[in-house]
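Here is a short briefing for a reader who is meeting this structure for the first time. Please look over the sequence and the structure before reading on.

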Amino acid sequence: ADKDHILPPLTSVLQQGMRAGANIRRRAKNFQAISDDLNKIFYEMPFQVPDYFALITRALAVLEGIALVGDPEFDIFWAAYPYALSKARAILGPRRAAGLIS
């Protein structure tokens with residue numbers, strides 16, 4: 001897929017998740033919107049998701065639940081953001097990834 005075409009919707013999904021923060025109610029409300037946006041991206045753009053994607057997603061949800069028991073203010077998006085940003089810089093380059101910093 002063309003990176004210029006896929007970056008805006010993925011940025012939108014990331015920002016939606018970060019806006020939810022540690023507020024569980026807000027996160028649950030945003031989850032459906034994020035899910036809908038990801039479904040559109042997967043439908044409209046020609047790339048494949050590995051078979052194990054669902055397993056990784058489920059594992060992250062379980063780990064997030066455990067972390068929230070220990071720290072109700074834990075935010076999976078902010079915890080993962082530095083790693084995700086470094087991967088985005090490696091794939092997209094620093095200039096394109098700069099749009100993800102806000």
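Predicted model: local features only at pLDDT ≥ 70, side-chain atom pairs only at ≥ 80, totals over all residues.

**Confidence by element**
- Helix α4 has the highest mean pLDDT among the elements of the protein, at 84.
- The lowest mean pLDDT among the elements, 69, belongs to helix α2, which covers residues 24-44.

**Helix α4**
- Helix α4 runs over residues 76-92 and has 17 residues.
- From the first C-alpha to the last, α4 reaches 23 Å, close to the 24 Å expected at 1.5 Å a residue.
- At Pro82, α4 bends by about 40°.
- The buried residues in α4 include Tyr81, Leu85, Ala88 and Leu92.
- Gly93 follows α4 and has a positive phi, near 95°.

**Nonpolar surface patch**
- Tyr52, Leu55, Ile56, Leu60, Val62, Leu63 and Ile66 form a nonpolar patch on the surface.
- Together these residues have about 710 Å² of accessible area.
- One of them, Val62, lies in helix α3, which spans residues 53-70.
- Val62 has a relative accessible area of 49%, so it counts as partly exposed, the range between 20% and 50%.

**Lys40**
- Lys40 belongs to helix α2.
- Lys40 is partly exposed because its relative accessibility is 48%.
- Lys40 and Pro9 are 31 residues apart along the chain, and their C-alpha atoms are separated by 9.1 Å.

Notes. Residues numbered from 1 in each chain as written. Heavy atoms only, no water. Patch = residues over 30% accessible without salt bridge, like charges linked within 9 Å, V, L, I, M, F, W, Y side chains within 5 Å. Areas by Shrake-Rupley, 256 points an atom, 1.4 Å probe, with all protein chains shown as cover. Salt bridge = Lys/Arg side-chain N within 4 Å of Asp/Glu carboxyl O. Helix = DSSP H or I, 4+ residues; strand = E, 2+ residues; numbered from the N terminus. Buried < 20%, exposed > 50% of the residue type's maximum accessible area, 1.4 Å probe, protein only. Expected span 1.5 Å × (residues − 1). Bend = angle between axes of the 7 residues up to and from the residue. pLDDT = per-residue confidence, 0-100.
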